[in-house]
Structure formats: C-alpha cells, structure tokens
Amino acid sequence: MADMRAKKSGIGAEIDKKLEMRYDQEEEAGTTKAVQIWVNTVLQGEHEPIPSYSQRELHKSLRDGVMLCKLINKLLESDGKSKVHVQKKVASMFVAYTNIENFNNGCLEYGLAKEFTVQSADLWEGRKGPFLNVINCLHSLGFLVRR
C-alpha cells in the first residue's frame, strides 16, 4: 500500500526524513531490540515470536494487530481487568484496524496515556519513520508495566 503513494516533497519529506533519523537513533540505542525481546517474552508460548531484530520483521509480526491484542490481553488479565476482543483471522485492512483499535482501547484501560497509543496507518503501512510511534507506544507500555 505504501508503495502506491506519491513521493512526499517539501515539509512532508523533511518530517519523514527526521522521523526516519529518530527511528535509526532508537534502533542504535537498542530500544527496538528491547521492545521485541519484551513482547516475545510476555507472549512466550502464546504467539509466534518475532523472528529477528529488524524493522521489517517487527512490522510483519505486528501489522494485523493480533500480537498486540494478545499482549494487552495478557497485561489486562494480570491486572484483573477485562480482555479486549481479538479477530485472529485478518483478511483485510479493516479487520486489522479493528484489532489495532481494540489494542489501543486496552492500553487506555491499562492506564497508558492516549498520546502514546498507535495510529492504525502507522502500523499498517509500516513506513520506517511513522513506525517509530508504534515503538514508542510499546516502549511506554513496557515502562507502565514495570511501574
């Protein structure tokens, strides 16, 4: 889907470039690897692990929202709260968006601030710069869990 978009120019291109640089900085700092390890650890035995420490594999694993819903359900359950609905067979973008929205609602229920939730398009499209928002959401959720 992202391949069909027109190439950005002007301020839009500058913003994307800065976001990509920020993603690279977070990756160099080990944030993306830490997020992947944490997600794999929490969901061990309940979901196929993220196979490698690349943005592409992380995107591929999270894109449909199933893994995210399983993650928040595990956290909500441990906190004595109701689970969110997860649609495991994702045949379209709309079903994935519903899963992502359910994940966001679960995050809010768990106590994560709305500013840290995921934008569905950032996750679905998987462009490196905006995908940083997904990493930030999971990173913030991890901090909240430790608190």
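Where helix α1 meets helix α7, Leu-19, Glu-20, Arg-22, Tyr-23, Asp-24 and Glu-26 in α1 sit in contact (heavy atoms within 4.5 Å) with Lys-128, Gly-129, Pro-130, Phe-131, Leu-132 and Ile-135 in α7. Sorted by class, this contact has 6 nonpolar, 1 polar and 5 charged residues; Ala, Val, Leu, Ile, Met, Phe, Trp, Tyr, Cys and Pro count as nonpolar, Asp, Glu, Lys and Arg as charged, and the others, Gly among them, as polar. The model is a predicted one, in which local features need pLDDT of at least 70 and side-chain atom pairs count only at pLDDT 80 or more, while totals for chains, interfaces and linings use all residues. Residues are numbered from 1 along each chain as its sequence is written, and side-chain values use heavy atoms, with hydrogens and water left out.

Helices here are DSSP runs (H or I, at least four residues), numbered from the N terminus. Two packed helices are described by the angle between their axes and the distance between the axes. Axes are lines fitted to C-alpha atoms, for helices over the stretch in contact, with angles running from 0 to 180 degrees between N-to-C directions. For α1 (residues 11–29) and α7, the axes come within 7 Å and cross at roughly 50°, so the two are oblique to each other. On this scale, angles under 35 degrees count as roughly parallel, over 145 as roughly antiparallel, 65 to 115 as roughly perpendicular and the rest as oblique. The crossing of α1 past α7 is left-handed, meaning that the near helix is turned anticlockwise from the far one by less than a right angle.

Helix α7 also packs with α3, at an angle of about 65° and with the axes 12 Å apart. That pair is therefore roughly perpendicular, and α3 passes α7 in a left-handed crossing. On the α3 side, Gln-55, Leu-58, His-59 and Leu-62 meet Lys-128, Phe-131, Val-134, Ile-135 and Leu-138 of α7. By class, this contact of α3 with α7 comes to 6 nonpolar, 2 polar and 1 charged. Val-134, from α7, is buried at a relative accessible area of 1%, where buried means under 20%, exposed over 50% and partly exposed in between (1.4 Å probe, protein chains only). Setting aside neighbours within four places in sequence, Val-134 touches Leu-62, Val-118, Asp-122 and Leu-123.

A further pairing is that of α4 and α5, whose axes come within 9 Å and cross at roughly 20°. That makes α4 roughly parallel to α5, and this crossing is left-handed too. Val-66, Leu-68, Cys-69, Ile-72, Leu-75 and Leu-76 are the α4 residues here, meeting Asn-99, Asn-102, Phe-103, Gly-106, Cys-107, Glu-109 and Tyr-110 in α5.

As for the inside, a nonpolar core is a set of buried Ala, Val, Leu, Ile, Met, Phe, Trp, Tyr and Cys residues joined through side-chain atoms within 4.5 Å. The largest one has 34 residues, and Leu-62, Leu-71, Ile-72, Phe-103 and Leu-141 touch the most other members. Elements giving two or more residues to this core are α2 (31–42), α3 (55–62), α4 (66–78), α5 (93–110) and α7 (128–146). Beyond four places in sequence, Ile-72 touches Val-84, Phe-103, Gly-106, Cys-107, Tyr-110 and Leu-141. Over in α2, Val-39 is buried at 2% relative accessible area. Not counting residues up to four places away, Val-39 touches Ile-50, Met-67 and Leu-71.
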